[in-house]
Amino acid sequence: MKLLRNVLVLFLAIYLMPALASAGYWYIKDRPQSWREANWKSAGILPKAGETPQATIHIFSAATGGMKGAVASHAWIVTKEANAATYNRYDKVGWGTPVRKNGYAPDAYWYSNTPRVVVSVSGDEAARLIPKIEKAIAAYPYSKPGGYRIWPGPNSNTFVAHVLRSVPELGVVLPPDAVGRDYLPEGRLFAVDPDGKDVHATLYGLLGVSAGLRSGIELHVMGLVAGVDLARPAIKIPAIGRIGI
């Protein structure tokens with residue numbers, strides 16, 4: 001009983017309390033009440049494509065809409081070939097054909113929330129990785145209508161996390177509030193990244209662990225992530241995000 005009580009206290013302190021605190025702040029925050037009221041225009045983060053001749057890759061993340069935004073974010077991928085006049089943006093959404101290309105401006109607000117840059121790559125390295133990203137997108141197994149489930153996945157973050165695991169040279173994992181990122185495609189319970197630097201074990205995104213040079217040490221409970229990043233010192237707090245130390 002003592003062990004069970006201690007586990008419950010740890011769960012409340014590490015997972016539930018941050019989520020409740022974030023929900024309380026989100027509830028009183030001024031935010032759009034529906035997608036019709038939200039700002040979906042460019043946030044002005046990226047320069048015009050024609051102004052940057054080199055190839056570029058950007059992974060973005062932004063808090064999502066409604067009360068979900070208190071604990072969850074939405075991620076997407078932006079690429080641009082060398083000397084291209086336009087960017088290409090790839091999202092997974094919950095309606096129609098799930099994987100959308102150029103459905104929004106590459107750096108658009110998401111439900112009026114400002115995008116965060118998860119990682120950016122440019123130049124020769126970006127040119128080398130773009131074909132790998134496109135191959136991973138084409139191989140994503142939930143790209144047809146019906147291939148979306150908001151929780152625990154597969155959702156928008158499952159899609160981007162699949163690409164990041166398939167192209168480990170990008171060197172990052174999605175932030176802790178990217179609920180759905182730990183759902184492994186095709187119902188797998190275990191995965192090792194192609195370069196062997198990260199390992200993942202999960203019970204369909206509901207309970208799991210990740211460990212390695214990119215993930216650090218993470219424990220996933222019901223889509224919420226807590227952990228420690230040792231390579232780039234930080235703690236990962238459910239619903240709050242990553243805080244450098």
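1. Two strands count as paired here if DSSP finds at least two bridges between them. Strands (E, at least two residues) and helices (H or I, at least four) are DSSP runs, numbered from the N terminus.

2. A word on the source. This is a predicted model, in which local features need pLDDT of at least 70 and side-chain atom pairs count only at pLDDT 80 or more, while totals for chains, interfaces and linings use all residues. Residues are numbered from 1 along each chain as its sequence is written, and side-chain values use heavy atoms, with hydrogens and water left out.

3. Back to the sheet that holds β12. It is open, has 7 strands and pairs in the antiparallel sense, in the order β6-β7-β8-β9-β10-β11-β12. Its edge strands, β6 (190–192) and β12 (241–244), each pair on one side only. Neighbouring strands are turned by 10° against each other on average, direction ignored. Axes are lines fitted to C-alpha atoms, for helices over the stretch in contact, and angles run from 0 to 180 degrees between N-to-C directions.

4. There is also an open sheet of 5 strands. Its order is β4-β3-β2-β1-β5, again with antiparallel pairing. β4 (99–101) and β5 (116–122) are the edge strands, and each pairs on one side only. On average, neighbouring strands in this sheet are turned by 15° against each other, direction ignored.

5. Look at β1 within that sheet. β1 (residues 56–63) pairs with β5 in the antiparallel sense over 6 bridges. Isoleucine 59 stands opposite valine 119 in β5.

6. Two helices deserve a look. Helix α2 (residues 124–139) packs on the sheet and touches β1, β2 (73–80), β3 (88–92), β4 and β5. Contact means heavy atoms within 4.5 Å. The direction of α2 makes about 60° with that of β1. Helix α3 (residues 156–166) lies across β1, β2, β3 and β4, and runs at about 45° to β2.

7. Where is threonine 52 found? It sits in the loop between α1 (2–28) and β1. Threonine 52 counts as buried because its relative accessibility is 15%. Buried means under 20% relative accessible area, exposed over 50%, and partly exposed in between (1.4 Å probe, protein chains only). Leaving aside neighbours within four places in sequence, threonine 52 is in contact with Pro47, Lys80 and Tyr87.

8. The structure holds 4 cavities of 30 Å³ or more. On a 1 Å grid over the protein atoms alone, a cavity is a set of points where a 1.4 Å probe fits but cannot get out; lining residues have an atom within 4 Å of a point. Grid points are joined across faces, edges and corners, and a volume is the space filled by probe spheres set on the points.

9. The largest cavity holds about 120 Å³ of space. Of its 15 lining residues, the closest to the centre are Ala161, Arg165, Val173, Leu174 and His200. α3 and β7 (198–202) each supply at least two lining residues. The largest share, 3 residues, comes from α3. The lining divides into 5 nonpolar, 3 polar and 7 charged residues. Ala, Val, Leu, Ile, Met, Phe, Trp, Tyr, Cys and Pro count as nonpolar, Asp, Glu, Lys and Arg as charged, and the others, Gly among them, as polar.

10. The second largest cavity holds about 50 Å³. Trp26, Arg31, Pro32, Thr64, Gly65, Gly66, Tyr111 and Asn113 line it.

Note on methods:
1 Å grid on protein atoms, 1.4 Å probe; cavity = no way out; pocket = protein on both sides within 12 Å on 5 of 7 lines; lining within 4 Å.
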